[in-house]
Amino acid sequence: MKKIVVLGGGYGGVVTSKHLAKLFKKDKDVEIKLIDRNPYHTLLTELHEVAANRAPEDSVKIELKKIFAGQKVDVVLDSIDHIDFASKELRSEKNTYKYDYLVIGTGCKPTFFGIPGAEEHSLTLWSFEDAVRLKEQVRRKFSEAAKETNPVKRRKKLSFVVVGAGFTGVELVGELAEFRDELCKEFYIEPDEVRLVVADMAPKILPILPDKLIDKAAKRLHKMNVEIVTSAKITGVTPGGVVLGDRELEADTVVWTAGVEGSELVGKLDVKQEGRKRIVTNDKLQSIDHEDVYVVGDNIFFIPEGETRPVPQMVENAEQAGPLIAHNIHADVHNKPKKSYKPGFHGTMVCIGSRYGVANVGLPNKMFMLTGFMAMFSKHLINMYYLFTVAGFNKVWTYMMHEFFHVNNRRSFVGGHFAKRSPNFWLVPLRLFVGYKWLEEGLDKLPKILKDPNNIFLIPASPHAGDAVSAASEAASKVTETVDAQAAASAVESASTAVTALPVPGFIKSIVNWFMDIFFYTSDGGYTALATVFQFFMVFMEIALGILIIIGLFTAVASAVTVALGIMIWSSSMASTEMLWYMTAGVALIGGSGSTFGLDYYVLPWLKKQWKKIPLVRRWYLYTD
């Protein structure tokens, strides 16, 4: 039995494990184990949204067992404190794990560069717990300031300094600016009393981006009343603020986002390291000291051929390294050639609040600068792509909910247009009326089809009918289901007096006529047996739709079918203007109208529980939480 152990459930560990499970799916003599101290995978790039109360706390967590449900990965909750490379063992306080191949992806932790007081007196943003702690701290300081009468103490409580103007620092301070506006309303504080500062020792913010994007980002921050302090010699952090050279920025809240280094475990390992405790690897991403040890994500120190700097500590590096490591382990087990790591990064993005961002994205040899809406669009698109690869439809749906639909105070790049929802009980009268109309239509037609099944009146007359007068009569009677016998007789005398159907484009008519000729019309202009069956189906469908919509059972499906039937009737040139009403009402009822005074309230939760028990559904994440 070959034992593969992936240490760390971050971006690199999860992606590597997913690909290992896929490659070794049929290898019964291979065991894959993922070990992490947390039972969940944390979306580190979205922590600022939780810290500033834009997204719910659980939005940045994905349960590891959910990610690997039905896959060949054993998730183990443990904290490894020692690795014995000689005996190929990982050890925790109580357990020992053997391995034949080890993938190290323990990630990084904040580094404080030895600056006095930085670690003791500042908050960080590098874990789920950090984000929750920071959110609570900001809210608490607003609450305390609202009751503080001493102006000096009040000013300190309402001052927030973010040290580090890289991606994490800028994204955090941008979100805090929006959170500030919400808290000012909640605690009756004037916005100009709150001071937000982002400070960095570098000469400019976001130094990895082109100057044009840096300027736009700085303008956006200034517009949000954020102070930018660059080229700042940060010499210390005290309980009362940040020391910049010979002056101090007074603040009760200091957040440190100025840099990272390898995790505590990596720092203790007896392997060659460079650049703040990163493990040096060869081009196969193996530790140069141990060929059975691979490194993924932020722990990699590897300089690709033709480059002068090591691969960056960014998510895309983990996403590209993971599949390669999985391939190389699989190749080694099956005595096949390994591949070399040749990353091709597609750029970087940073959001400044919920509605604005800057991005430099594209192909490795051709980058495009995006700002505003398009930058945010690309960020969300890339996030959803990653989430789909990790947890499929389930997590993408959840992400869309908290980013676009369940947002407060218009904190989305599409504003609040998709988030303004009315309570479903306002839709109950409309639901009952639409259901009644369908039921009335079906019950009205039912005696006719039972009395004479061969009397086809829901399908247009064949263009091959020999009697033109008869054809005109049939067309007039079918153009609307509400026309009475007297109107139909009048239509025979003059086709121009028939109820006018909604116009249909010529190419759609051609497609529908072609379909009708194949399935419903005979060569002499009559109807096939299938036409009779179809008419029965249509009538019973109307009755079923009416009942389902009235009782509120599977209302979303029934409403969608309402729209589909309307489109079908329109395309056959038989829809009066009344059909427009059916279709628009159907659209309005799709979004959960059966959850109020309807059976959906009871049936759908039960069905969701049963659905999630199906192995295939869990394997492909085809459910919502």
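Me: Which residues lie nearest the centre of the second largest pocket, and how many line it?
Reply: In this predicted model, 27 residues line the second largest pocket, and W397, M401, N424, G591 and G592 are the ones nearest its centre.

Me: What volume does the second largest pocket have?
Reply: The volume of the second largest pocket is about 990 Å³.

Me: Which elements give two or more residues to its lining?
Reply: Those elements are α11 (372-405), α17 and α19 (600-612). The most comes from α19, which gives 6 residues to the lining of the second largest pocket.

Me: And how do the lining residues of that pocket divide into nonpolar, polar and charged?
Reply: The lining of the second largest pocket divides into 17 nonpolar, 7 polar and 3 charged residues.

Me: Turning to α17, at what angle do the axes of α16 and α17 cross?
Reply: The axes of helix α16 (residues 529-551) and helix α17 (residues 555-571) cross at roughly 145° and come within 10 Å.

Me: Is the crossing left-handed or right-handed?
Reply: The crossing in which α16 passes α17 is left-handed.

Me: Which residues meet there?
Reply: From α16, the residues are F534, M538, M541, L545, L548 and I549; they meet A558, V561, T562, L565, M568 and I569 of α17. By class, this contact of α16 with α17 has 11 nonpolar residues, 1 polar residue and no charged ones.

Me: Now the cavities. How many of 30 Å³ or more does the structure hold?
Reply: The structure holds 2 cavities of 30 Å³ or more. The second largest cavity has a volume of about 40 Å³.

Me: What lines the second largest cavity?
Reply: Its lining is made of V138, F142, F160, L176, F179, R180, V194 and L196. By class, 7 of these residues are nonpolar, none is polar and 1 is charged.

Me: Which helix gives the most to that lining?
Reply: Helix α7 gives the most to the lining of the second largest cavity, with 3 residues. Both α5 (128-146) and α7 (167-187) supply at least two residues each.

Me: Why is K66 classed as buried?
Reply: K66 is classed as buried because its relative accessible area is 14%, and buried means under 20%.

Me: What is K66 in contact with, leaving aside its neighbours within four places in sequence?
Reply: Leaving those neighbours aside, K66 is in contact with N394, Y621, Y623 and D625.

Methods: Residues numbered from 1 in each chain as written. Predicted model: local features only at pLDDT ≥ 70, side-chain atom pairs only at ≥ 80, totals over all residues. Heavy atoms only, no water. Buried < 20%, exposed > 50% of the residue type's maximum accessible area, 1.4 Å probe, protein only. Contact = heavy atoms within 4.5 Å. Axes fitted to C-alpha atoms, helices over the stretch in contact; angles between N-to-C directions. Helix = DSSP H or I, 4+ residues; strand = E, 2+ residues; numbered from the N terminus. Left-handed = near helix turned anticlockwise from the far one by under 90°. Nonpolar A, V, L, I, M, F, W, Y, C, P; charged D, E, K, R; others polar. 1 Å grid on protein atoms, 1.4 Å probe; cavity = no way out; pocket = protein on both sides within 12 Å on 5 of 7 lines; lining within 4 Å. Points joined across faces, edges and corners; volume = space filled by probe spheres on them.
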